Each structure stands twice: as structure tokens, then as C-alpha cells.
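Visitor: I'm new to reading protein models. Could you walk me through this one, feature by feature?

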Amino acid sequence: MTKTTQTLTLSAALLLSACATAVTPTPFEAGGDVLAERIAYEPVKTPAKNVILFIGDGMGVSTVTAARIYAGQQLGKAGEEHQLSWETFPHTALSKTYNTNQQVADSAGTASAMYTGVKTKAGALSIGPDAPRGSCDQVTGAGLPTFFDAASAQGLRLGLVSSARLTHATPAAAYAHSSERNWEYDGELNDAARAGGCHDIAAQFVDGNMFDVALGGGRRAFLRDTDVEPDYPDEMGRRTDGVNLIDAWQAKNPTGKVVFDQAGFDTLVPGQDDRVLGLFEPSHLKFDSMNTGPDADPSLADLTAKAIELLSAKGDGFVLMVEGGRIDHAHHGGNAFNALSDTVAFAKAVAVADAMTSDSDTTILVTADHSHVFTIAGYPTRGNPILGLVYWNDGAGAPSGKPALASDDAPYTTLGYGNGPGAVTGPRPMLTDEEVQDPSYLQQATVPSSGETHGGEDVAIYAKGPRSYVVSGVVEQSYVHDAISYALDLD
Ligand SMILES: [Zn+2]
């Protein structure tokens, strides 16, 4: 930015701040500092000791932008100028997310691409693209090695953290090889799959016993249908094969520790507890906005911090995957509030990891597996509440006093969906600010559907640390595997 335009922009911002009633936008003056940082930047060309891969499930670029504004507004800023924790990272790329058989991807195929370096079908977990989905026929021998396998072979410790079930697609592709992501516990397999010798995902987790630290949800896939869920006296496990996989895990890891809640989590001792399995809910962890009160589980940031402490306590190198798994679920429900709130929780987890590690030996990648059909639209004025109705700028910089009206004379929100449960079939209602800013509000959508869907545009990869400069350009999603393998100098 030249000095003249910088001054003009600053003047405009000051004028805007003088006129605005709700918020005071921050002047735009950071350009020169960023350029100086880029010029002074010296890449670390030696291999990384540790890699942390953060996957915001469904965290497309529009979600990142809206969450940035939301987080800024929570801090009393206008919002647009705010930066999420990974937005200061020096390297970025765009990642093409399609599966081998779908233009718009699912999370199983995308996680498999990132972990194995090979794109595959939607629904498949770390097997090649030829095996038919939901069939056991071509699974044997089709399993693809992951960078977790290679890292383990080089003596690195492995960690897995998710706010979703540990048997859900994104974490599952790290350890399971399956033609069907829905085979989370034995009862989900069809007779033919069982007869063909395929195993459910939770069983594969325990059989492989790869991960030193695994923290997340999904306890029901490990408990028998005769086992009562801890803290949920009305709920039972799901396994019908009579095998309690938590006991099986403990038998394989005699000195390992299993924890089910915050109190158990608080007893974990880095350096002493080398093998840890934390299963905090029968299904997914709660949305971050709802994770309060005496039954609250550890936050994603707390889980991430503990995983790093446990993995690094003895000075070993490690590879850790952390999934913000519920951003995706909020979007599928057509609810922007929880999608943004969980993205902010994910950003806190990245910030904690960044603060606990050194740029000289730890490479951090932050990306998404796919996007959602989530839009930011309608010319709202600067600092307009991101979850609110659109108020136009009145030309002098101040918000107009009344919400903007669409061609049907009804107000509309900045955030919306291309499809989803918030679609309106009759005339659009006269929305109020109070209504649309309620945490449970479902944003309007164009096409009615019971669940909002993934989006097909590219997602971003943000990276810092040793060898992270290879994260650049427009790449196939499977390149994430290659970049991590290079960072760690894996065979
Ligand atoms: Zn999804």
C-alpha cells in the first residue's frame, strides 16, 4: 500500500468511526508491517521434529471469514480486521477437495487423501478408489499406508484429538481401512461384510493400537449393548459382539489410562501416562457453546494442550491430528451460530498449540476437508453484526436506520445457505434482529433439504514451521500428505 492510499483509507476509516453508532471500526494500517515481516522471513529448511495437522471439518473460506468477524465482534471490534490464530501463518495454498467419484466431497474420502496421499471414493477410509463402497469384496489388500504409519515407523509418537466421535470419518481414516465410513461398530456391518472378514472401525482402532494419545467422543462404539454409558444412565453401548473394546484396549495397554470426563482428564500426568484413551461422550462432544456447567467436557483447546504435553513429555517427536469436528455438523443443521462458535473454539486450539511449540522444530498445518454452501452477502455496513440482518451503509459511513429489504420487501441476513433446513417455501417472513441473532436460528436457504450439504470449492491450507514453505499454490488435497511427509523427512 502506498503512503497516499494508506492516508486516504485511514481518513475514511476515521470518518466511518465518527459516524458509526454500534461499533468503531479499526483503521487499516497493517500493510507495511506485513510486508516487512515477509521480507525478513527466513524459512527453516531442516526437517521438523513434530507436525500438528488441524482439520476444521467443513471449514470453508466463507466460514473462516465469518468466524473471523464473529470473533472480532465478540472482542468489541468491528470484526472484519480481526485475525484468527492461523491467519498470521506465512504460507497458504488452496486445496482441491473432490473425491475420485464426487465433484463435492465427503469427509472420509478427503481425510484419506490427506493421510495417504491418494484420493479415493466418498465414504471410503484409507483404501484405494477401486473398492465398491459398503462392500467387503476388494478391501483386503486395498489398505493404503498413512503418514501416521510412516511416522510411527520412524519412532515418532502419535496423537489424535477430535470433538467428533473418534470413529467418525476424519479421525477414522487415520487408523482404519474400510469401504464404509458408517461401519463404526460391529452392528453396522452387513452380513456379507462380516462374512467377508471386514472389521468395524472401533475394533480396528484397538487392533492397530497405533495412537499413544486419543481424545474425543464416540464411546458407544467401544461399549457393549449391555454396558451402561458413564454419566448417561439411560444410554447403553452399541456393540452386539459381546466385546468391551475399552477393556480390550486396557489389556493391550496395561499401564495406559482410560478417562471419561473432566475429572479423569485432570488426573493425566505428562511423562507418566504414556498411553491415554479419552472417550468423553457416547457420541460427539457437545457444541462448544453448549459445553458448560458441571457436566462440561474438556474444551478442544484443553484436549489439544494435554495431547501435546503427553506426547512431548519425554522429548520424543510426535505427529498430532486435531479435528474441529462439529463446525460441519452445525452447518449441516443450517445453524451458522454454532458453526462460527465452534470455529472460534478451533482457533483457540490452534493458538494454544502454536504457543506451546517452537517454529524452529514444529510444523503446523491448518486446513479443512471440504467447504459448505455457506454465503456472506448483501452489502452490510462495516461492523454490522455478522449474525444479524443486513443494514446498508448510508453513504456517509453510518448504518442506515432500517434493515435493507429484498425485492419481496422482507429483510434478510448476511449469512445464508445454498440449501438446507432453513429454506422458506412460502413468502419470506418479516425477520427481526432478535430472531436472527438467536443461537438456535436457522439461516434461510435457497433449496430446501433436510440437511445442508458440503460445498465443492477449494479450501485453504495455512502453514508455519520447518519446511512449511512447500505449502503454496493450488494443490490437490492429497498433497497435504506429501507436505507433511517432506516436513518430517519420512521414508
Ligand atoms: Zn459433513
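Guide: Let's start with pairing: two strands pair if DSSP finds at least two bridges between them. Helices (H or I, at least four residues) and strands (E, at least two) are DSSP runs, numbered from the N terminus. Here, β2 and strand β16 (residues 459–464) pair in the antiparallel sense over five bridges, and T92 stands opposite Y462 in β16.

Visitor: Before we go on, what kind of model is this?

Guide: This is a predicted model, where local features need pLDDT of at least 70 and side-chain atom pairs count only at pLDDT 80 or more, while totals for chains, interfaces and linings use all residues. Residues are numbered from 1 along each chain as its sequence is written, and side-chain values use heavy atoms, with hydrogens and water left out.

Visitor: Does a strand run parallel or antiparallel to its partner, and which partners does β2 have in the parallel sense?

Guide: The general idea: strands of a sheet pair through backbone hydrogen bonds, either parallel or antiparallel. In this model, β2 pairs with β17 in the parallel sense, over three bridges. K96 has E476 of β17 as its bridge partner.

Visitor: What is the order of the strands in the open sheet?

Guide: Reading across, the 10 strands go β7-β8-β4-β3-β9-β1-β10-β16-β2-β17, with mixed pairing. At the edges sit β7 (257–259) and β17 (474–476), each pairing on one side only. From one strand to the next, the twist averages 15°. Axes are lines fitted to C-alpha atoms, for helices over the stretch in contact, and angles run from 0 to 180 degrees between N-to-C directions.

Visitor: How do I read the two faces of a strand?

Guide: In a regular strand the side chains alternate between the two faces of the sheet. Take β2 (residues 91–96): H91, A93 and S95 make up a covered face, and T92, L94 and K96 an uncovered one. For β9, both faces are covered, with F318, L320, V322 and G324 on one side and V319, M321 and E323 on the other, all buried. Buried means under 20% relative accessible area, exposed over 50%, and partly exposed in between (1.4 Å probe, protein chains only).

Visitor: Which strands pair with β9 in the parallel sense?

Guide: β1 does, over six bridges, and strand β3 (residues 157–165) is joined to β9 by six bridges, also running parallel. L320 in β9 is the bridge partner of I52, and L320 is also the bridge partner of G159.

Visitor: How do I check the span of a helix?

Guide: The expected span of a helix is 1.5 Å times one less than its number of residues. For the 13 residues of α11 (residues 300–312) that gives 18 Å, and the end C-alpha atoms are 18 Å apart, which agrees. Also, 10 of the 13 residues of α11 are buried, so α11 is largely enclosed by the rest of the structure. Among them are L300, A301 and L303.

Visitor: What coordinates the zinc ion?

Guide: Donors are N, O and S atoms within 2.8 Å of the metal (3.2 Å for Na, K and Ca); water is not among the atoms, so sites may look incomplete. Here the zinc ion is coordinated by D328 (OD), D328 (OD), H332 (NE2) and H454 (NE2), at 2.1 to 2.4 Å. H332 lies in helix α12 (residues 326–332) and H454 in strand β15 (residues 454–455), 122 residues apart, so this pair links distant parts of the chain. H332 is partly exposed, with a relative accessible area of 24%, whereas H454 counts as buried at 12%.

Visitor: Why is the arrangement around the zinc ion irregular?

Guide: Four donors count as tetrahedral if all angles lie between 85 and 135 degrees; four count as square planar and six as octahedral if opposite donors are over 155 degrees apart and all others between 65 and 115; anything else is irregular. The four donor atoms here subtend angles of 57 to 149°, which makes the arrangement irregular.
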